[in-house]
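Biologist: Before we look at any single feature, could you take me through how such a model is read, one feature at a time?

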Amino acid sequence: GAGLYIPDYVYHVGDTNTYFGFSGNDTIQFNTNGNERVRINSSGDVGIGISAPNFRLGLSNAAVSTAVYQQFTNGTTGVTSGDGTVMGIDADGDFLINNQEAKEVKLYTDDTVRLTIASGGAATFGGNITTSTGLITSQSAHFTDNVYMSGGQLYIGASDSTTDDTYRLYQSSGEFILASR
């Protein structure tokens, strides 16, 4: 049909290492400084920094010990590097979510808030909290700076186990006991 046909790549005049083109059938790639930066494969998967994306969007930095982050901003947060939320993997490979605003982080399942972390660090859990050994609590639990664990006992209302106006939760003879310190 009608259209413009090119052999493989389109180059910028005077800048031969910046170009885009078609490295194979049903594939388009974009290069800057002589390196491939973005590829869209025949499945519609987009790779940024990766030539063979495995998912709808793949982000990668092939250099060892290098972080890869994605930033989300809007008109409320601002658009500088210190605004919005950043998530990705750090140079050690740890996954990070960093809300750079003084706002909450909320995790949802089934369109319901399950975990809220306030900007000050307090966490509110909704629903059940379980471990590999079973149920810890039902309905909801609110954890703030006044929860401390020591010697297998949970102290509530304290920053350490020596505060007098606290409660402690412990197990004795197969029963859980909540008692004042």
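Biologist: Is Asp111 buried or exposed, by its relative accessibility?

Modeller: The model is a predicted one, and in it Asp111 counts as exposed because its relative accessibility is 73%, where over 50% is the cut-off for that class. Asp111 is found in the loop between strand S10 (105–109) and strand S11 (112–117).

Biologist: Where does Asn33 lie, and is Asn33 buried or exposed?

Modeller: Asn33 lies in the loop between S3 and strand S4 (35–40), and it counts as exposed because its relative accessibility is 55%.

Biologist: Let us turn to the sheet, then: what is the order of the strands in the open sheet?

Modeller: The open sheet has 6 strands in the order S1-S2-S3-S4-S5-S6, and their pairing is mixed. Its edge strands, which each pair on one side only, are strand S1 (9–12) and strand S6 (57–59), and the twist from one strand to the next averages 20°.

Biologist: In what sense do strand S2 and strand S3 pair, and over how many bridges?

Modeller: Strand S2, with residues 15–24, and strand S3, with residues 27–32, pair in the antiparallel sense over 4 bridges. For Gly21, the bridge partner in S3 is Gln29.

Biologist: How is a pair of aromatic rings described, and how many aromatic pairs does a search of the whole structure find?

Modeller: Such a pair is described by the distance of the centres and the angle of the planes. A search of the whole structure finds 4 aromatic pairs. One of them is formed by Tyr9 and Tyr11, which are edge-to-face, with 6.4 Å centre to centre and 65° between the planes. Tyr9 is partly exposed, with a relative accessible area of 27%, and Tyr11 likewise counts as partly exposed, at 44% relative accessibility. The rings of Phe20 and Phe30, in turn, have their centres 5.9 Å apart and their planes at 25°, so this pair is stacked.

Biologist: Why does the pair of Phe20 and Phe30 tie together parts that are 10 residues apart in sequence?

Modeller: The pair does so because Phe20 lies in strand S2 and Phe30 in strand S3. Phe20 is partly exposed, with a relative accessible area of 34%, and Phe30 is partly exposed, with a relative accessible area of 33%.

Biologist: Which residues form one aromatic cluster with Tyr9?

Modeller: Tyr11 and Tyr19 form that cluster together with Tyr9.

Biologist: In which strand is Phe95 found, and is Phe95 buried or exposed?

Modeller: Phe95 is found in strand S9, and it is exposed, with a relative accessible area of 52%.

Notes
Residues are numbered from 1 along each chain as its sequence is written. This is a predicted model: local features need pLDDT of at least 70, side-chain atom pairs count only at pLDDT 80 or more; totals for chains, interfaces and linings use all residues. Side-chain values use heavy atoms; hydrogens and water are left out. Helices (H or I, at least four residues) and strands (E, at least two) are DSSP runs, numbered from the N terminus. Buried means under 20% relative accessible area, exposed over 50%, partly exposed in between (1.4 Å probe, protein chains only). Two strands pair if DSSP finds at least two bridges between them. Axes are lines fitted to C-alpha atoms, for helices over the stretch in contact, and angles run from 0 to 180 degrees between N-to-C directions. Rings of Phe, Tyr and Trp (its six-membered ring) pair if their centres lie within 6.5 Å; planes under 30 degrees apart count as stacked, over 60 as edge-to-face and the rest as tilted.
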